[in-house]
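Welcome! Here are some exercises to work through with the model in view, each followed by a solution in steps.

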Amino acid sequence: MDEISFIYEDDNIELTKYETIFETLLKITKMHLNINQTLLLSVFFILPEKSILLNKTYRNKEYVGDVISFPIDDPSGIYDQIGFKEIGDIFITYNEAQNKALKYKHKIDDEMCWLFVHGLLHVLGYDHEVDEKQEKIMFNLTESILKEVNVMYDIVV
C-alpha cells in the first residue's frame, strides 16, 4: 500500500484536510502512469523562511517557492528489486499557495491539489523546465489527473 508521510512544520491545523485528497491524487497519478509498484513519499508543509532556505541552498534561487520537490535517485536500480519505491520529498508552502490562489483567483483547495500533483510529477521524473515539449506533457498530465477530482485549474503564465 502506498504511503505518504505528512510532516507539519506549519502549525496551521487546516492543513490536515489535504491528506485524503493527496492520497487520492497519488492513486490517480499511478493509474495514469501505469505504476504498479508501491510508492512512498513525504509531504512537508513548510513556512516561507524554510522555502527560501531550501531554494537558496539547493536551487541557487532566493524566493519563497510554493512547491519544491526533491526526487530520490536510484541509479543502481535497488527499488526495481524490492516491493516498494521511495520517490522523494515534496515541500509545500501554504502561505505562498494562498498568495498565489488570491493573485490568480483560484480556490485554495484547487491550488493545493495542483501543487501536490506538480511536485509528485517532479519526483516521478517529469520536468517542465527541460523544454516546451516536456512542459506540455507535464501540464497536460496534471490537467488530466486533476479533472478526475473535479479540479479545473487554469495555469497563468
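## Exercise 1: Helix 1 and helix 4

Helix 1 (residues 18-33) packs against helix 4 (residues 108-123) at an angle of about 45 degrees, with the axes 10 Å apart.

**Step 1.** Start with where the elements come from: helices (H or I, at least four residues) and strands (E, at least two) are DSSP runs, numbered from the N terminus. The model is a predicted one, in which local features need pLDDT of at least 70, side-chain atom pairs count only at pLDDT 80 or more, and totals for chains, interfaces and linings use all residues. Residues are numbered from 1 along each chain as its sequence is written, and side-chain values use heavy atoms, with hydrogens and water left out.

**Step 2.** Now the angle of about 45 degrees between helix 1 and helix 4. That makes helix 1 oblique to helix 4. (Angles under 35 degrees count as roughly parallel, over 145 as roughly antiparallel, 65 to 115 as roughly perpendicular and the rest as oblique; axes are lines fitted to C-alpha atoms, for helices over the stretch in contact, and angles run from 0 to 180 degrees between N-to-C directions.)

**Step 3.** The crossing of these two, helix 1 and helix 4, is right-handed. (A crossing is left-handed if the near helix is turned anticlockwise from the far one by less than a right angle, and right-handed if clockwise.)

**Step 4.** (Contact means heavy atoms within 4.5 Å.)

**Step 5.** Sort the residues of this contact between helix 1 and helix 4: 13 are nonpolar, 1 is polar and 1 is charged. (Ala, Val, Leu, Ile, Met, Phe, Trp, Tyr, Cys and Pro count as nonpolar, Asp, Glu, Lys and Arg as charged, and the others, Gly among them, as polar.)

## Exercise 2: Helix 1 and helix 5, with a look at H32

Describe how helix 1 and helix 5 cross, then follow H32 to its contacts.

**Step 1.** Helix 5 covers residues 132-147, and its axis comes within 9 Å of that of helix 1, crossing at roughly 125 degrees. Helix 1 and helix 5 are therefore oblique to each other, and the crossing is right-handed.

**Step 2.** L25, I28, T29, H32 and L33 of helix 1 make the contact with L141, S144, I145 and L146 of helix 5.

**Step 3.** Zoom in on H32, which lies in helix 1. H32 has a relative accessible area of 29%, so it is partly exposed. (Buried means under 20% relative accessible area, exposed over 50%, partly exposed in between, with a 1.4 Å probe and protein chains only.)

**Step 4.** Leaving aside neighbours within four places in sequence, H32 is in contact with L141, S144, I145 and E148. From H32 to I145 there are 113 residues in sequence, yet 7.4 Å in space, C-alpha to C-alpha.

**Step 5.** The side chains of H32 and E148 make a polar contact (2.6 Å). (A polar contact is a pair of N or O atoms within 3.5 Å; within protein, one must be able to donate a hydrogen and the other to accept it, and residues adjacent in sequence count only if both atoms are side-chain atoms.)

## Exercise 3: N55

Is N55 buried or exposed? Which side chain does its own side chain join in a polar contact?

**Step 1.** Find N55 in helix 2 (residues 48-59). N55 has a relative accessible area of 0%, so it is buried.

**Step 2.** The partner is R59: a polar contact of 2.8 Å joins the side chains of N55 and R59.

**Step 3.** Leaving aside neighbours within four places in sequence, N55 is in contact with N60, K61, Y63, V64, G65 and I68.

## Exercise 4: D2

Which residues does D2 touch, not counting those up to four places away in sequence?

**Step 1.** Look in the segment before strand 1 (3-8), where D2 is found.

**Step 2.** With that exclusion, D2 touches L26, K30, Q37, T38 and L39.

**Step 3.** The side chains of D2 and K30 are joined by a polar contact of 2.8 Å. A polar atom of the D2 side chain also lies 2.7 Å from the backbone nitrogen of L39.
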